[in-house]
Amino acid sequence: MRVSGLASLALAVAPALATSTRGTLGFSLGDKNADGTCKSTSDYEADFDNLKDLTTLVRTYSGTECDTPQNILPAAKSKGFKVVLGIWVGAQDSGDLSTNDASFTKDFAALKEAVPGYEDYVEAITVGSETLYRGDQTGPSLHNYIGLVANQFKSISVGTADSWNKFADGTADDLFTRDTTDAPLVTYVLANAFAYWQGTAADQAYKTYFDDMSGAMEHIQKVAGSNADKIHILNGETGWPTDGGSDYEAAKAGTANAETFWQTGVCGMLAWGVDLFYFEAFDESWKPDSVGDNGQAMDEKHWGLRTASRQDKFNTTCSN
Ligand SMILES: *[C@@H]1O[C@H](CO)[C@@H](O)[C@H](O)[C@H]1NC(C)=O
């Protein structure tokens with residue numbers, strides 16, 4: 001979306017300033033079943049049947065892991081869903097800005113096979129997921145990869161997903177300043193924003209979330225100049241772990257806290273008119289613990305809005 005009236009951003013948390021168009025809710029969707037096996041087309045169809053009361057839009061991450069594009073696109077077609085497909089980009093080899101990343105090459109090739117004939121069910125393609133945040137890529141090298149994909153899939157929006165602060169602090173500026181033409185190559189931008197990982201208490205987290213997204217959107221629109229209207233900026237991931245999840249500083253896992261963040265943060269962001277992907281649709285029970293930025297083991301199994309058996313954990317109807 002294009003944020004109009006930047007001066008009002010500081011007040012964006014006030015529901016009275018909500019734009020007339022409500023944002024679109026989508027979901028991050030894992031490519032494995034609860035037992036760790038890869039999802040088949042019928043597994044995705046069951047996911048879509050379950051989610052259709054909330055959305056018809058999901059995002060995925062890999063072009064090759066679990067053959068995600070091949071398996072999900074027929075399900076999207078049969079159930080009337082749209083999918084954001086991902087191409088994974090790894091660490092840049094030895095300073096060479098050419099297209100030498102093995103993950104990119106593999107995933108790009110897989111999408112060239114899987115997408116033709118299913119273009120109507122592809123919402124967008126993201127090239128790289130938090131590559132700038134990890135320092136694996138630079139603005140120019142990532143722009144180079146995105147350009148290759150955009151030139152291959154001319155009818156599909158192409159862009160990237162990264163942490164909100166990499167858009168706000170200028171790390172990503174090359175994505176928006178290198179195309180001086182009227183047809184920028186980077187047209188779909190997912191800014192991930194987890195107040196949880198910023199260690200914010202659940203009842204205050206919506207403020208952090210709004211600040212993050214405001215900062216990312218305002219900066220991108222400023223540097224993109226006359227191309228800003230052609231760039232669709234969304235929140236690529238947000239979420240909150242429920243009971244059984246791990247705490248992170250003042251951010252406490254728990255179903256009641258997740259419901260608080262859902263109502264104030266997620267519903268509030270949609271009311272403001274920003275499209276977003278909730279991370280994630282379903283618990284991923286197969287996932288091993290990860291190590292957080294604080295060095296502690298972090299549970300990764302309880303981020304779903306719904307359980308692994310696709311049951312609601314709380315009332316997800318937005319009250320605004
Ligand atoms: C869920 O929340 C909505 C909005 O606040 C309310 O109208 C509805 O009655 C609730 N449903 C249940 C089952 O509590």
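**View 1. Arg310 in a salt bridge with Asp47.** At 27% relative accessibility, Arg310 counts as partly exposed, because this class covers the range between buried (under 20% relative accessible area) and exposed (over 50%), computed with a 1.4 Å probe on protein chains only. The model is predicted: local features require a pLDDT of at least 70 and side-chain atom pairs a pLDDT of 80 or more, whereas totals for chains, interfaces and linings use all residues. Residues are numbered from 1 along each chain as its sequence is written, and side-chain values use heavy atoms, with hydrogens and water left out. The side chains of Arg310 and Asp47 meet in a salt bridge, with an N to O distance of 2.9 Å. Asp47 belongs to helix H1 and Arg310 to the segment after E10, so the pair ties together parts that are 263 residues apart in sequence. A salt bridge here is a side-chain nitrogen of Lys or Arg within 4 Å of a carboxyl oxygen of Asp or Glu. Helices (H or I, at least four residues) and strands (E, at least two) are DSSP runs numbered from the N terminus. Asp47 is buried, its relative accessible area being 2%. Lys39 joins Asp47 and Arg310 in a network of salt bridges.

**View 2. Further salt bridges, Asp49 with Lys79 and Lys287 with Glu284.** Side chains of opposite charge can pair when their charged atoms come close. A search of the whole structure finds 14 salt bridges. In one of them, Asp49 pairs with Lys79, and the closest N and O atoms are 3.2 Å apart. Because Asp49 lies in helix H1 and Lys79 in helix H2, this pair ties together parts that are 30 residues apart in sequence. Asp49 has 34% relative accessibility and counts as partly exposed; Lys79, at 34%, is also classed as partly exposed. The side chains of Lys287 and Glu284 form a salt bridge with an N to O distance of 3.5 Å. Lys287 counts as buried at 16% relative accessibility, and Glu284 is buried with a relative accessible area of 8%.

**View 3. The disulfide between Cys38 and Cys66.** The sulfur atoms of Cys38 and Cys66 are 2.1 Å apart, and the torsion about their S-S bond is about -70 degrees, so the disulfide is left-handed. The pair links distant parts of the chain, 28 residues apart: Cys38 lies in the loop between strand E1 (25-28) and helix H1 (41-51), and Cys66 in the loop between strand E2 (57-59) and helix H2 (68-79). A disulfide is defined as a pair of cysteine sulfur atoms within 2.5 Å. Cys38 counts as partly exposed at 42% relative accessibility, whereas Cys66 is buried with a relative accessible area of 12%.

**View 4. The disulfide between Cys267 and Cys318.** The S to S distance of this pair is 2.1 Å. The torsion about the S-S bond of Cys267 and Cys318 is about -80 degrees, so the disulfide is left-handed. Cys267 is buried, with a relative accessible area of 0%; Cys318 is partly exposed, with a value of 23%.

**View 5. Surroundings of the ligand.** Asn315, Thr317 and Ser319 surround the ligand, a residue being included if one of its heavy atoms lies within 4 Å of the molecule. A polar side-chain atom of Asn315 lies 2.3 Å from an oxygen atom of the ligand. On its own the ligand has 360 Å² of accessible area, of which the protein covers 29%. Accessible areas come from the Shrake-Rupley method with a 1.4 Å probe.

**View 6. Gly239 and its contacts.** Gly239 is found in the loop between strand E7 (232-238) and H9, and it is buried, with a relative accessible area of 1%. Leaving aside neighbours within four places in sequence, Gly239 is in contact (heavy atoms within 4.5 Å) with Phe194, Tyr196, Phe261, Tyr278, Phe279 and Trp303. The C-alpha atoms of Gly239 and Tyr278 are separated by 5.7 Å, although the two residues are 39 residues apart along the chain.

**View 7. Glu113 in helix H3.** Helix H3 spans residues 102-114 and contains Glu113. Glu113 counts as exposed, at 68% relative accessibility. Its C-alpha atom is separated by 41 Å from that of Ala253, 140 residues apart along the chain.

Note on methods: A polar contact is a pair of N or O atoms within 3.5 Å; within protein, one must be able to donate a hydrogen and the other to accept it, and residues adjacent in sequence count only if both atoms are side-chain atoms.
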